[in-house]
Amino acid sequence: MKLVIDSLVLSAGRFRLELSLTLEGRAIGLFGDSGAGKTTLVEAIAGLRRPHTGRIQLDDRVLVDRAHDVYIAPEHRGVGYVPQDGALFPHFSVQQNLQYGCRQTQPSGLRSSSGGASFSLAAIAEALDIERLLDRRVTALSGGERQRVALARALLASPRLLLLDEPLSSLDAGHKEAIFPLLQRIRDDFNVPLVYVSHAPEDFVALCDRVLVLSQGKALRSGPPTEVFEASPSVSYRLKSLS
Amino acid sequence: MGELVRITFFSLGVAAVGTALIMPGGIALGWLLARKHWPGKALVETAVALPLVIPPVATGLILLKLFGRRGPFGAFFAEWFGWEIVFTWKAVVLAAAVMAIPLLVRTARVAFEEVPLRLEQVARTLGAGPWRVFFTVTLPLAARGLCAGGVLAFARALGEFGATAMIAGFIPGQTVTLSLGIYHHVQLGQDDQAFQLLLISAGLAFAAVLLSERLLGRKFAAR
């Protein structure tokens, strides 16, 4: 996956996101304090926010280019999005939530050569261990179950890229341990590129090829996790000092 | 008893027709106010709220000027459809509808605002266009609130008096609603008849508000 962000400017209230960079890899991490711009960037890639200027390109497809009046609506981008709370539809059962993501038609040109493959509901349900949940109401699920269903739903929409906005932050350690291998499996077995947002450096070390560190709407640094983070006695990992 | 039944069913009928007329536009306006921003939005919000705060007879006077024989809308309907609006049952429906608009729009707006925007956004990333998102996500989750708004609007339409008196008047057999009937009987010193209509009116209003509260109280726990 190659994600090109060129002269992107996006304002939200007093906050301003300004980025120009290229990121490549199977899984890209976004790290930064609250308010750094991680979710804003993710929403811009998903098409949920329009930048004022700039261009975003995913592999060979331009998603938005303000200079040339190009804007692809979210439903045509092939970019999946799993927010922090999963955002399952409460008026649907688990199965109905999953089927919502199954695309009836595929607009041409949305499938990349390496991703956007079509997965069966049965295969996804088995891989994410949600087969026994299919008839349940969404409101009856635990936090971990909700996140697994949300991941499955996003995968069933055949995304070229999956945006995961702190998908594990609301889970306890036990659920987090159970779900994290599933993310690695999505990356490796299902071959779906990921953009992963987290506050936890150890997540990036285990999952991502590259990490982009944001601060106050700007890119602070980027690189492989081992170059960006260092082991710390007090926490698992911390940012390396720039000097 | 015959008059009682006739007035009751006439009131129910005009309230139902008036509410039905404003539902599509009221829901649409509620959605626009909940989800969109545009220049002049504050003016629209104020205009929608006006019938709530200005005297109902003042609203009735405005409607009289607009829909009277020489009014712009009244002349239009008379010329193109042969309809006389003022001092007919149509005026009763009109007054009921106009006075019910603020309650419907406000309740609809709140119902839409309570649908998490994140759900609509995720639905878009799953391949659903704006209309599919509206009919499969937004509307079902707002449905109880919208129904409650409709019931409240119906209750308001049912109890309408001031604007109705101004634009429809008291014409036995044609424009007499429960409220107008109460006023008329009190004017004539016929308290028993007035209280009978009062009990019916209060009972219907109570049932409507109770239903509305139940609808508003039980919604999906959207997380």
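Two residues are taken to be in contact if their C-beta atoms, placed from the backbone, lie within 7 Å. The structure is a predicted model, in which local features need pLDDT of at least 70 and side-chain atom pairs count only at pLDDT 80 or more, while totals for chains, interfaces and linings use all residues. Residues are numbered from 1 along each chain as its sequence is written, and chains are lettered from A and ligands numbered from 1 in the order in which they are written.

Among contacts in chain B between residues at least 6 apart in sequence, 75% join residues at least 24 apart. Chain B contains 10 helices and 0 strands, where helices (H or I, at least four residues) and strands (E, at least two) are DSSP runs numbered from the N terminus. Along the principal axes, the C-alpha atoms of chain B fill a box of roughly 65 × 40 × 30 Å. Of its 223 residues, 41% count as buried, that is, with 20 or more other C-beta atoms within 10 Å of their own, these atoms being placed from the backbone.

Beyond its neighbours within four places in sequence, Ile167(B) is in contact with residues including Gly60(B), Phe67(B), Val86(B) and Ala95(B).

The contact between the chains takes 19 residues from chain A and 17 residues from chain B. On the side of chain A that touches chain B, the largest share, 3 residues, comes from strand 7 (residues 79-82) of chain A.

Terms used:
Buried ≥ 20, exposed ≤ 12 C-beta atoms within 10 Å, placed from the backbone.
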